Amino acid sequence: MTTHDVVELILDDHRTMEDLLRRMRSIEADRAKALREFSRLLIAHGEAEESEVYPALRRYKRIDDDEVDHGEEEHADGNKALLALLEVDDVGGDEWDEKLENLVEAVSHHLDEEERTLLNEARRHVPEERRAELGEAFLRERADLLASDCGNAENVRRLLKG
C-alpha cells in the first residue's frame, strides 16, 4: 500500500538519505554517484518541506513555530555543508572525508531532531486527511525539483544566498 501521509514520506526520505550517507563513506561504493543522488534528494526534500509542509504546520497551534524556524535553519546548515563537499575535487581524499563528516553531522542532527519534534507533533496534531493532502503537495514539489537538477553546486549556492 502506498502512503501519502507526509510524515511517512518524509521519514522514507530520511532513511534514503542515511543510506546515501553510508554509501558516500564506503570505499567500495561509487561515492561520487551517491553524492549526486544525495545532493538532489537533500535539496528537493528540504525545499519541498519549506514550501509545502512547514507553512501548513505553522497553522497548528500545538506545533511550535520555533521548531519550524529551527528546521529551516538546519536546512541551511545542511546545505552549507553540502556545498562545501560538492566543491571538493578529490572524491575520497582527506578534504572529502572531512567535509563529508561535517555533512553527516549536520544532516544526522537535523533528521533526528525533526523526527523527535516536528514529525511527532504533526502525527499527534494534524488530522490524517490533512497529512495526506500535505503528502501529495510535498511529492509534487519534490518531483518538480528532482526533475530540475536541483542538487548542482550552482543551485545550492543560489539557495544559500536567497
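This is a predicted model: local features need pLDDT of at least 70, side-chain atom pairs count only at pLDDT 80 or more; totals for chains, interfaces and linings use all residues.
1. A salt bridge here is a side-chain nitrogen of Lys or Arg within 4 Å of a carboxyl oxygen of Asp or Glu. Arg 157 and Glu 87 meet that rule through their side chains, at 2.8 Å from N to O.

2. How exposed are the two partners? Arg 157 counts as partly exposed because its relative accessibility is 26%. Glu 87 has 44% relative accessibility, so Glu 87 also counts as partly exposed. As background, side chains of opposite charge can pair when their charged atoms come close.

3. How many salt bridges does the rule give? The count comes to 15. Three of the residues involved, Arg 15, Glu 18 and Glu 115, are linked in a network of salt bridges.

4. Helix 4 (94-125) holds a salt bridge between Asp 112 and Arg 116. Their closest N and O atoms are 3.1 Å apart. The two residues are four apart in helix 4, so about one helical turn separates them. Asp 112 has a relative accessible area of 40%, which means that Asp 112 is partly exposed.

5. Helix 5 (residues 128-147) contains both Arg 130 and Glu 133. This pair forms a salt bridge, with the closest N and O atoms 3.1 Å apart. The spacing is three residues, about one turn of the helix. Arg 130 is at 26% relative accessibility and therefore counts as partly exposed. Glu 133 is partly exposed too, because its relative accessible area is 39%.

6. Which residues form the negative surface patch? They are Asp 89, Asp 90, Asp 94, Glu 95 and Glu 98. Asp 89 is found in the loop between helix 3 (65-86) and helix 4 (94-125). Is Asp 89 buried or exposed? Its relative accessibility is 76%, so Asp 89 counts as exposed.

7. Asn 79 is worth a look in the viewer. This residue is found in helix 3. Is Asn 79 buried or exposed? Asn 79 counts as buried because its relative accessibility is 9%, and the cut-off for buried is under 20%. Leaving aside residues up to four places away in sequence, Asn 79 touches Leu 42, Ile 43, Val 156 and Leu 160.

8. Ile 27 lies in the loop between helix 1 (6-25) and helix 2 (31-58). With 70% relative accessibility, Ile 27 counts as exposed, since exposed means over 50%. Where in space is Gly 92 relative to Ile 27? The two are 65 residues apart in sequence, yet 7.6 Å apart from C-alpha to C-alpha.

9. Backbone check: Asp 149. Phi of this residue is near 55°, a positive value in a residue other than glycine. Asp 149 lies in the loop between helix 5 and helix 6. The relative accessible area of Asp 149 is 42%, so this residue is partly exposed.

Methods. Residues are numbered from 1 along each chain as its sequence is written. Side-chain values use heavy atoms; hydrogens and water are left out. Patches are made of residues with over 30% relative accessible area and no salt bridge: like charges are joined within 9 Å, nonpolar side chains (Val, Leu, Ile, Met, Phe, Trp, Tyr) within 5 Å. Accessible areas come from the Shrake-Rupley method with a 1.4 Å probe; for residues, only the protein chains shown count as cover. Lys and Arg count as positive and Asp and Glu as negative; His and the chain ends are not counted. The place of a charge is taken as NZ of Lys, CZ of Arg, CG of Asp or CD of Glu. Buried means under 20% relative accessible area, exposed over 50%, partly exposed in between (1.4 Å probe, protein chains only). Contact means heavy atoms within 4.5 Å.
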